[in-house]
Amino acid sequence: MAYIVVLNPLILAGGADQTGAHLPLAALAAGTALVAGVMTILMGVVARFPLALAAGLGVNALVAYEIAPQMTWADAMGLVVIEGVLIGILVLTGLRTAVFKAVPTQLKTAIGVGIGLFLMIIGLVDSGFVHRVPDASNTTVPVELGLGGKLLTWPTLVFALGLLFTLVLFVRKVKGAILIGILGTTVLAIVVEAIAGVGSVVKNPHGWSLNVPTMPEKVVGSPDLSLLGQFNLLGSWQDAGWLVALMFVFTLLVADFFDTMGTMVAVGQEGEMLDAEGMPPRTKEILLVDSIAAAAGGAASVSSNTSFVESASGVGEGARTGVANLVTGGLFLVAMFFSPLVQVVPFEAASTALVVVGFLMMTAVRQIDWTDWSIAVPAFLTITIMPFTYSISNGIGAGIISYVVLKAATGRAREIHPILYGVAVLFVLYFCRGPLESWVL
């Protein structure tokens, strides 16, 4: 899981809020390690289950590329805090399980697959492997390979080699393949920069994105915790409008909501720790700590924290209790002091992880019944609309609306959970928010 200490800061720093501000990398890295460490230890102590937590991939992209551009970073992180509190309430009332059961399993699978493709396209764009066409008005093609349809730059070459290196490690089942891939690609980038002197993309269109890879001035330093507490609960409702803020909270909740329940079941299954109903012991405690972690991530400005399926690797090595979390959490806390290293990693090195994680999430597509068009079409729309509109919320909304319409149109309305009707209406309002806001205002 150590790769998240590098990857989460790079994803969040890649976005800008409505003022054009970017979050500082070192502070993001330190905050990511701190919240992951504390929440992982809390899971071990309270739930006594070997399930580690850290900033969730997919949710952080949603915050960086969709939510923050419409408000300030403090407002965006405030929505994450609200989402975590709401999930906690749903856990205590038992509604979290009810809503989890309301969304069809195959549609939940499609949401995960769509987020995987969304992460992949972010990686391809950030690495420079894919570029927006400079003058899209003269062509029907919105994006292109490299620059002018050619891979011309040193950074893109580093990304391609780094991706192949990571995939080889991954296919050969090398432990820590993603982290080793990021580190190895960063070393290659440092060597290339030392020889070629490419510089930043700000000064050179063929340059490095975000960070110029050079030898760090220091490896260990005092963690920068300046982002802790930098959130605003109510600002977003005024800046972006109540409907947009409401739908962002709902989308955060959906993106964060289902992942943990699936993850804890998968980890429990790996360790043969599930009960007769297929649920792990102390389920309520697990979900409660997870909701606290979501709010804590927002309060620390590092995005919602959630359970990581990589915990299954620890269970595979014999972990069965919360003691494993004490070790994992302790190592995360140590990682805070190595946060200066994050400022050395360029997007071209970190993006290799996004492509690999995207592949992993894509593999679940085989669980969808593509012969039943009433579920296959909503799943297809969910999966494709996310990356093609650069929006997780758009994909989820399209999937749920089309699912309700198609099931009802084919005489299978009884298969629709009553909760989904309300959710579909909310998403219709979300998609119509432009004319609605004009009418209301």
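Q: Hi! Which helix does Leu 188 lie in?
A: Leu 188 lies in helix H8, residues 177-196. Bear in mind that this is a predicted model.

Q: Where do Lys 407 and Asp 372 lie?
A: Lys 407 lies in helix H16, while Asp 372 is in the loop between helix H14 (347-362) and H15, so the pair ties together parts that are 35 residues apart in sequence.

Q: Does Lys 407 count as buried or exposed?
A: Lys 407 counts as buried, at 3% relative accessibility.

Q: OK, what about Asp 372 and Arg 412, what do their side chains form?
A: Their side chains meet in a salt bridge, 3.1 Å from N to O. This pair links distant parts of the chain, 40 residues apart: Asp 372 is in the loop between H14 and H15, and Arg 412 is in the loop between H16 and helix H17 (418-431). Arg 412 is partly exposed, with a relative accessible area of 27%.

Q: And how far apart are the closest N and O atoms of Lys 407 and Glu 415?
A: They are 2.7 Å apart, in a salt bridge. Glu 415 counts as partly exposed, at 42% relative accessibility. Salt bridges with shared partners join Asp 372, Lys 407, Arg 412 and Glu 415 into one network.

Q: Nice. Now H15: what does it reach from its first C-alpha to its last?
A: Helix H15 (residues 373-388) reaches 21 Å with its 16 residues, close to the 22 Å expected at 1.5 Å a residue.

Q: What do the buried residues of H15 pack against?
A: They pack against helix H6 (105-126) and helix H16 (392-409). Among the buried residues of H15 are Ile 375, Pro 378, Ile 383 and Met 386.

Q: Last one: which residue just after H15 takes a positive phi?
A: Tyr 390 does, with a phi of about 55 degrees.

Key:
Residues are numbered from 1 along each chain as its sequence is written. This is a predicted model: local features need pLDDT of at least 70, side-chain atom pairs count only at pLDDT 80 or more; totals for chains, interfaces and linings use all residues. Side-chain values use heavy atoms; hydrogens and water are left out. Helices (H or I, at least four residues) and strands (E, at least two) are DSSP runs, numbered from the N terminus. The expected span of a helix is 1.5 Å times one less than its number of residues. Buried means under 20% relative accessible area, exposed over 50%, partly exposed in between (1.4 Å probe, protein chains only). Contact means heavy atoms within 4.5 Å. A salt bridge is a side-chain nitrogen of Lys or Arg within 4 Å of a carboxyl oxygen of Asp or Glu.
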